[in-house]
Amino acid sequence: MSKCNTSSEGIVQFLDEAGVPAAELGGTGVANGRLAALCAAFGVSCADLVEGLASTPPGAWPVPFGQGAVVADILEAGGGRVAVLRGPDGDPASALLDSWQGARPAALLDGSGRILSCGTEFAGRFEAAPGMRASTLADQASRASFSGALEECLSGRDTASFTCEMVEQGGGTTSWVMSLRRLPVPGSPVLMCLDPPSMSPAGLSRTGTGMLARIFAGIPVPAIIVSREGLIVRVNDSAAEIALAATGRNPLDSHFSDWIAESDRESVVEMHRVRSEGGFAPFSYDVHLAMAGEAPAYKATALLMPESGDTLVFISPPGGSSAPADAPGQTRAAALGNLTVLLKPGPPADLRRLVLDILRIGTGARGVSLVGGGAISTAGEVPLGDQGQDALEPLREPAGERWQKTADGLFDVSVVTRLRSGACRMTAFGVPYDSPAGVPRLVISLVPMFADYIDSVETAKRMSDGITSVMDTWDTLSAEKGGLDAFLQKSAEGIGATGIHLWGPAGSDGQLQLLSSQGEGRDIGSLNLQAETSAGWAYAHNETVYVADTLRDSRFTPLTPGSRSEVSVPLLQGTRARGVLSATNGSQGAFGSPVPGLLKLHSMILSLWLQSRTASTPRDEPAGGQDIRESPRSEVDDILLSLGHRLKAPAAAIRGFVDLLESGRIQAPDEAAMEAVRSIAGAARSLSESVERLLSLVRLMLREDRPDSSWGDPEAVVQSLAPVLGASVEEAGLHFRLETTGKGFSALFDRSRLEEILRELVDNAIRFNRPGGDVAIRMRQEGSSWTLEVEDSGRGIPSRSLPYIFDRFYRSGDDPRSLGIGLTIVRRLVERLGGMVTVFSREGRGSRFVLRFPLSG
């Protein structure tokens, strides 16, 4: 084998002879023979791959390759940049995801949502494998949210984390917080990560492995983890770069003593043995590494990890400073010592103070500040401007690291991090250098992780305090301990609300009656459901509403004149809202996590109280509604009873006219006989339609009517139905409009079910429209999903009726032709096709039904 030169082209040639796929990225952009052969074998364009890797940042990255993924190590070597590929054998992308995320389930997706590779935790929990569609792992109700977020991510927009119901091994569904991030590599794959919901106490990760994985994700200092047996079990990008550049081999799974020069090997191995057994061994020492015949000197810092027994080793490269020249000798030891405290199970008593000490000592700064979560913490000398109330205003700066030189020649470094609870900023004032290395660089790079850790611990404490508050308030509903007013007062104190209001069931006037109000806005009065408030929306749509700033959120009007932040939660009994609980505050963004969830716990208690309070009295029915769901009879009894009542009138009409014809008193074909025949025909049609709808509903309820899906163009189906639907609309004196892309698209769907859904919605739009009104149908494709909308300009749906319109046998008005099951059939059909249906309606403004389906069915 020929000896390679030190240029990047020479390193690529050397790797070619060693059988390693590689390409030069800095100048010629030429792939070696091994990479070219690999691309040809998998049908990948080698030129496009190399061109894409040229703009990829340094480090190890998963890259789509054929039907799977490889790992590309982007290294700066020989005066240029070199890409070294690992895989596809052995699925190195899966191992890389594990090293990035630890116990956090993660997968790599292509642009169509297909899994290219998945981490061990993801594969085991969801029985996932490369080639599967990630959308199939989500519950039907969550697929539309997933598809929309994936489309936004692929289009380059930042996607906020969202809750998604995932089907786990065994068939059960569990809530996860999903985040999507497009990676800066060829093919723009998407990294999908799952976290437990923030409201789940069991989902709060332990500090050890979770923080360690976060450290390794972006640490600039070379670092490795060594097991008790001396094997290197994890290596970060910086350490791998040094090893590959010097020896051409990856240190992972090798024995750490193989990388130590013979002169130091025995003493270092002995120190590792003593440290692993719990004895005393120096945590900082000089060591010479064995690198291709050379033995350069390095500074090593070894920390024993809690519980696991593994050792975390940081390596300072030759010439790298670990602290300012004039820093005390104990500075570096103190910073690393504090870091080990953070890595131990359980948060320290004064977490903020400990983190500030690590940042101040580790960087040599004169002072540091932490602003976030509505609080300011400082240590050392901090300018007054960073301590006042103005510092608590919402942070507008984008996330990132910023350096600013001061008049005395020192530097202020500020790191802004975006967290679930909002933005956080840590600032070190008076740093004596602008290009840190070693421990200072390590400490600064860990600031985002520190911020996230503090946020998680403090959120957990707030949640624990809130749950304690909920338990303390339980007994206050009894008269001897204060009753409802005392309960609400304690609830307001527990969540930090300045006003809290509870409304009960709607009365005959269509307004919710005020049951109790505490704090600011006590004279708020009844809740008008026609007013566009957060409380009215929560009641009508059965969902929690959080308004962070009423001055900027134009959707809702404030509940009280001084209200700036609002949370409204419906009081549910079964599937319907019987009341609503609202909390208000005069400050912007006052109700961060986990306040909405805690208020939902309070609402559950109040729902039980309200149910027991009204159990002995008849429940109020919405005006115009006819709902038999609350009968103690079974569902089959309900169906049979409704069938008898609803079909009695058309059956009697048919019987009467038939008797008349048989008596001979009407002689055909005079006009009287024809009128009777026409009446029979109309009644027969009504009877037939009712029976068909009932049978459809029964089949759907019994799940005997399975979808018969096939690939086709749903836009073409709608266009073919447009003449018939348009004729029905125009026959009713209305205007019809169809809006499609005109380009068509392919999707997996059941044509007959789509036609049935569309006919039901258009029939609904006709019956509840105003004279001369409009009916519009719209279709469009949105990434990996498609939507169908049916909108009318009719009288709209009353807010009090919105929670019930999809219920069986519910009718929001007097319509003798309606059985009250049309929208029930629509919802069940949509769900069987893997979609979801949403209704937007205001009384007097019409209604819009929005259906979203996945392209893949």
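**Close-up views of a predicted model**

View 1. Beyond the neighbours within four places in sequence, glutamate 24 makes contact with Ser8, Glu9, Val12, Gly29, Val30, Val50 and Arg81. Alanine 83 is 59 residues away from glutamate 24 in sequence, yet the two C-alpha atoms are 6.5 Å apart in space.

View 2. Strand E21, formed by residues 511–519, contains glutamine 518. With a relative accessibility of 9%, glutamine 518 is likewise classed as buried. Its side chain is joined to that of aspartate 485 by a polar contact of 3.3 Å. When residues up to four places away in sequence are not counted, glutamine 518 touches Asp485, Leu488, Gln489, Thr498, Gly499, Ile500 and His501.

**View 3. The largest cavity of the model, with a volume of about 350 Å³.** Of the 22 residues lining this cavity, Ile224, Trp259, Leu289, Val313 and Ile315 are the closest to its centre. Two or more lining residues come from each of strand E10 (223–226), helix H8 (237–247), helix H9 (262–276), strand E12 (284–288), strand E13 (297–304) and strand E14 (311–316). By class, the lining comprises 20 nonpolar residues, one polar residue and one charged residue. In total, the structure holds five cavities of 30 Å³ or more.

Key:
Residues are numbered from 1 along each chain as its sequence is written. This is a predicted model: local features need pLDDT of at least 70, side-chain atom pairs count only at pLDDT 80 or more; totals for chains, interfaces and linings use all residues. Side-chain values use heavy atoms; hydrogens and water are left out. On a 1 Å grid over the protein atoms alone, a cavity is a set of points where a 1.4 Å probe fits but cannot get out, and a pocket is an open set with protein on both sides within 12 Å along at least five of seven lines; lining residues have an atom within 4 Å of a point. Grid points are joined across faces, edges and corners, and a volume is the space filled by probe spheres set on the points. Helices (H or I, at least four residues) and strands (E, at least two) are DSSP runs, numbered from the N terminus. Ala, Val, Leu, Ile, Met, Phe, Trp, Tyr, Cys and Pro count as nonpolar, Asp, Glu, Lys and Arg as charged, and the others, Gly among them, as polar. Contact means heavy atoms within 4.5 Å. Buried means under 20% relative accessible area, exposed over 50%, partly exposed in between (1.4 Å probe, protein chains only). A polar contact is a pair of N or O atoms within 3.5 Å; within protein, one must be able to donate a hydrogen and the other to accept it, and residues adjacent in sequence count only if both atoms are side-chain atoms.
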